[in-house]
Amino acid sequence: MTRVIVIGGGIAGTGAALSAAKAGASVSVIDGGPGASTLATGALDAWPWAAPGASIAPVDRGVHDVLDALGGHVVTARPARLVTTAGVVRPARGRDAGLLDLDTTATAAKVVGVVACVRPGWDASALAAAWGDAAQDVPFIVVDATVARHTGEGDMPDADFAARHDDDARLGWLADRLREAVAGNAGLLRALVLPPCLGVERARADALSERLGVRCGEALASPGGPAGLRFEHAKKRALSSARVEVVEARARGVSRTAVGWCVDLEDGRRTEADAVVVAVGGLVGGGVEYAPGEAVLATALPPFSRPPFRLVIDAPLPLGAHGQPLDLPSTLFGVAPEQLAWPAARDPLMDRVGVLADARGRVLPGLFAAGELLADRSRTWLDALATGVVAGAAAAAVNAERRARSSVPAPPIRP
Amino acid sequence: MPVAREPLPAEAVDVAVIGGGINGTGVARDLAMRGLRVALFERNDLAFGASGNSSGMIHGGVRYLSRSPHVTETSCRDSGYIQRIAPHLLFRIPFLMPVRHSAQGRIALELIDAYFRAYDDYQPLKRGEPHCRLDASDLGRLEPGLVGAVVGGITFDEWGVDGARLCVLNAIDAMERGARVHPHATVETVSRVPGGHPAGKRYVVEARDRRTQARIGVQARVVVNATGAWSPVTAALGGLPQLRVRVRPGKGIHVVLDRRLTNYGILSEAIDGRQIFLEPWQNVSVLGTTDDDYYGDLDDVCATSEEVRYLVQGVARVFPGVRTARAIGTYAGVRPSLYAYGRNEDALSREHEIVDHGPDGAPGVYSMIGGKLASYRLFAQEMSDRVAARDFDVQVPCATHTRPLPGGEAVLDAFAFADAQHLTPVAARRLVYRHGTRALRILERADEQPALRHVTCPCEPVLEGEVRHAVREEMACSVEDVSRRTRLGLGACGGMRCAARCGQIVAQELGLPPSAGIRMAGEFLVKQARTRIVALGPEQARQEALSLAHVRASLGEP
């Protein structure tokens, strides 16, 4: 049985682990705790959504299989249309199941209700006006309802408040309040938008919709809300039912052994495998660090010139962008940050830097990179998942490939 | 000066003030207090230039002590006056001045000690503490982050202020006394009324609102050009010789660090021997400042990473922690120093000067050149005395040093206020700092509208009621304007969590379409990102990448 270690328990790492397990490998995930995926907003994009030229990409079979195993994430042939707490209506390739898709139900009812309740930053009338303005074809109305049951819930952070609706009785209470609020008008309503509050263990939007008889869902909010926590829960369930071992630790380095690869953990443990998928994230996830020379400077000159980015774990993974390795700058102080980052630079290195790998994420035989860590990819949820799925499947096949290579008959010697 | 075209604008005032910085708002307040009708025009926002981008100190002018002690005395006296009229807006910043170990170290310490002993005489004028002489171990105990061999040092006392708020309060007070204030109105011509009588309306000032393109014009007997570094540009609009109002624009930048790293301001020496500092300021630390000749666009002044490195290097010599601290922004402004050729930037005079354009054929037109935040009130008084006596024969004496600025009438207990209004003590403390007793007015209807107590910007924090107040009462027209008045979006998250919501509120208040609110939030976020990027450090890089992802995900491609 091929043994695969996946470093990183985010979207890419989960995709890699599930696809490698499906391909029959024995898989361990080294999970260093919450990262960029925990900050997921629930919009499943394949590109930055408003990027010029972006269209709706088909999602391949392998990704669909992993999404099915993961649960709680909806990607259909048709894109979703989400409303954001910033007052925007925007397309997404898919969505977390807690978010409202304006187009889910094609009913005769045209109006979407916005639940007016006391929550931080939630102004139902401003949002209804903004979304109505942006959506054009869908009118929004304000629906007054009580959502907070206990004092203090009005100011509670979204994720804490959402956790209360994991409880069935509390969800029932919410359904009753909303039923009173829409009484008599339920037939007019196509859907109800709520602030981010519908569960953290799993999305409760469908359960609430069923009780109420009106489609309900959350607006897309800032990072750090319940959607990211729902991913964490979905991931734990999916990895456990796929019998993937999860090791809660941080990896320090990856090195080659006589037969494969070994991973050193920060707590001193060491594990070996036939293949390793590194999915420790990029700049947001913390796998790549901005490291100008001057950061080590005390009072003298920095000791050496070095590229402005570095990998946080010790592994033979070359960093680069545009398919080229990073250059050494001709200054001890590091590259001027204006040249590296948005909005001063055009096509900035900060958006592109990562590990250089082939289309399957392979860097060396048996060593793969995936997700935000890869160079020149769009830093989005679906792209991270897709690269993870591909790398996981390739990692599970390393032994078979090696055997195939060694069994190829030697070419005949020509005289 | 060109002759005004008919028809002349219907509105007539006594004095048209051009420029909404501290000099313009200060003189508008003073003249309005003396009963004159004033109209003020500002091309950008109030406090957009040097006034809103200063080191944030009302200092006592200690550096002038040896050459012109009267400047130190008037500076200290004025600092005392500003404390009296805006007690809520000032906060004490004790400074440490370490003296490095060297061959002349001991003598230097003696000299500095003696110098500050002389400064102590003026401290009572501004309620300052006398200086203290410290040995090396005292310094280490007071600020454990200090490094390097020192022979000792001294402490001295200064006062911090939010310069942008000081400007806004002067403008509001002027308005409440009848002045008309037009922010975002760029003056396009200053012309002469044909056949104007010296005792009548002699000049026409015409401006264009840069957002609505509407034209605003007034007739005025007196015109005051208080446009700081823009002064020569403004003079040219009236056909006046630019050389008469020449300034030497000196760009100064500051780096903002995410928290108060020290309890004391710390002085240090830059690589070229200039004095620079790290100061705890409101809830952040500020590193400043540079002084370089500036030839660029005054509407678009930005710090560069070169300037940031110069400051960080200089302060790291005595306080190395500044290198690993997280920089969350920079700001830059251009000083309107008095013109001189062939002198180093630091050696330029920070004095102020009134230019009377009578000899240029424009009696009753004045330019206020130079000056500094700390002595704005005195400069405004000198200007107003001249205008009142010479152009209007008004004998009302100046009262800007005795009558409080809005909110400064009494000192409000922030903690009692927090209890009464169900706010966190931090939110109450910040609100009371910025608004004094007007905090009561901001939340006066909070019982009927609980949303006014909601926190819009969690970093600062800024309440929704304060955002609405900034638009309704303080002439804010955009997210950036609100930020200048409240510090919304200037904290660690860079506006990621509050800009969109603030845009919604501003659009609502101004009756604009919601898309306008989203657009102004996006503009603010891009502008802030530009000011942060030059100070990018390892920790902030991660936040920048996250912010970008978030802005793209919720607002659209910036």
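This is a predicted model: local features need pLDDT of at least 70, side-chain atom pairs count only at pLDDT 80 or more; totals for chains, interfaces and linings use all residues.
Student: How many of the 17 residues of α17(B) are buried?
Tutor: A residue counts as buried if 20 or more other C-beta atoms, placed from the backbone, lie within 10 Å of its own, as exposed if 12 or fewer do, and as partly exposed in between. The helix α17(B) is largely enclosed by the rest of the structure, because the number of its 17 residues that are buried is 14.

Student: Which element gives the most to the side of chain B that touches chain A?
Tutor: Residues are in contact if their C-beta atoms, placed from the backbone, lie within 7 Å, and here the contact takes 43 residues from chain A and 45 residues from chain B. On the side of chain B, the elements giving two or more residues are α7 (305–316), β19 (455–457), α15 (499–510), α16 (514–533) and α17 (538–554). With 12 residues, the element that gives the most is α17(B).

Student: How many residues on the side of chain B that touches chain A are nonpolar?
Tutor: Ala, Val, Leu, Ile, Met, Phe, Trp, Tyr, Cys and Pro count as nonpolar, Asp, Glu, Lys and Arg as charged, and the others, Gly among them, as polar. By that division this side has 10 charged and 11 polar residues, and the number of nonpolar ones is 24.

Student: What is the radius of gyration of chain B?
Tutor: Chain B holds 17 helices and 20 strands, and 57% of its 558 residues count as buried. The radius of gyration is taken over C-alpha atoms, and the globule rule is 2.2 Å times the number of residues to the power 0.38. The rule gives 24 Å for 558 residues, and chain B is as compact as a globular protein of that length because its own radius of gyration is close to this, at 24 Å.

Student: Which residue just after α7(A) takes a positive phi?
Tutor: Helix α7 (residues 226–241) of chain A reaches 23 Å over its 16 residues, close to the 22 Å expected. Its buried residues include A:Phe231 and A:Leu239, and among the elements covering the buried residues are α1 (11–22) and β12 (245–248) of chain A. Just after this helix, a positive phi of about 55 degrees is taken by A:Arg243.

Student: Which residue in the turn between β5(A) and β6(A) has a positive phi?
Tutor: Two strands pair if DSSP finds at least two bridges between them, and β5 (residues 80–83) and β6 (residues 89–92) of chain A pair in the antiparallel sense over 4 bridges. Within this pair, A:Leu82 stands opposite A:Arg90. The strands form a hairpin with 5 residues between them, and the residue of the turn with a positive phi, about 95 degrees, is A:Gly87.

Notes: Residues are numbered from 1 along each chain as its sequence is written. Chains are lettered from A and ligands numbered from 1 in the order in which they are written. Two residues are in contact if their C-beta atoms, placed from the backbone, lie within 7 Å. The expected span of a helix is 1.5 Å times one less than its number of residues.
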